[in-house]
Amino acid sequence: MTREQYLQHLRTIIGAELDQPFDEDFETWIARHTDNRKWFAAILNIHGRYGVNLKCDPMEADLLRSIFEGVTPAYHMNKVHWNTVYFDSDVPDAELIRMTDMSFQLTAKKRKVK
């Protein structure tokens, strides 16, 4: 999946929005929830290579890093809870979408149980 295809996918997620919050940085995109404004994906250029930071369960984060060369501890974020996934890597498109969905769920507004 290319960066452009991934950005297009993010635009289809109900309850999410994309923006570029950093002045004079026209490559970084942030995907966030429309209700709580929390980030669930940060699309970055990391030393000339495009990737996305996604939140992940810590146990799964380590597992994914051991399976895929294209999954590393997150760039500039908490490395326990976030991974960087590179677009030009061995991570299948379906797995990238699954990881994105999980990140969206993990950062969603918590619902109170009555």
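**The largest cavity and its surroundings**

Modeller: In this predicted model, the largest cavity is lined by Leu54, Lys55, Cys56, Glu60, Leu64, Asn83, Arg98, Met99 and Met102. The volume of this cavity is about 50 Å³, and the count of cavities of 30 Å³ or more comes to one. As to how such a space is found, rolling a probe the size of a water molecule over the atoms shows where empty space is left.

Sorted by class, the lining comprises five nonpolar residues, three charged residues and one polar residue. Three elements, β4 (49–55), α2 (58–67) and α3 (93–106), each contribute at least two residues to the lining. The largest share, three residues, is that of α3.

The helix α3 therefore deserves attention next. With 14 residues at 1.5 Å a residue, α3 should span 20 Å, and this agrees with its end C-alpha atoms, which are 20 Å apart. Buried residues of α3 are Glu95, Leu96, Ile97, Met99, Thr100, Ser103 and Phe104. In general, an α-helix has 3.6 residues a turn, so residues three or four places apart point the same way.

The strand β4, another contributor to the lining, belongs to an open sheet of six strands in the order β1-β2-β3-β4-β6-β5, with antiparallel pairing. At the edges stand β1 (16–19) and β5 (71–73); each has a single partner strand, so one side of each is left without a neighbour in the sheet. From one strand to the next, the twist averages 25°. Strands of a sheet pair through backbone hydrogen bonds, either parallel or antiparallel.

Within this sheet, β1 pairs with β2 (residues 29–33) in the antiparallel sense over four bridges, and leucine 18 stands opposite alanine 31 of β2. The strand β2 also pairs with β3 (residues 39–46), again antiparallel and over four bridges; here isoleucine 30 stands opposite alanine 42 in β3. Five residues separate the strands in the hairpin of β2 and β3, where arginine 37 takes a positive phi near 65°.

All five of the five residues of β2 are buried, so this strand is largely enclosed by the rest of the structure. Trp29, Ala31 and His33 point one way from β2, whereas Ile30 and Arg32 point the other way.

Technical notes:
Residues numbered from 1 in each chain as written. Predicted model: local features only at pLDDT ≥ 70, side-chain atom pairs only at ≥ 80, totals over all residues. Heavy atoms only, no water. 1 Å grid on protein atoms, 1.4 Å probe; cavity = no way out; pocket = protein on both sides within 12 Å on 5 of 7 lines; lining within 4 Å. Points joined across faces, edges and corners; volume = space filled by probe spheres on them. Nonpolar A, V, L, I, M, F, W, Y, C, P; charged D, E, K, R; others polar. Expected span 1.5 Å × (residues − 1). Buried < 20%, exposed > 50% of the residue type's maximum accessible area, 1.4 Å probe, protein only. Pairing = 2+ DSSP bridges. Axes fitted to C-alpha atoms, helices over the stretch in contact; angles between N-to-C directions.
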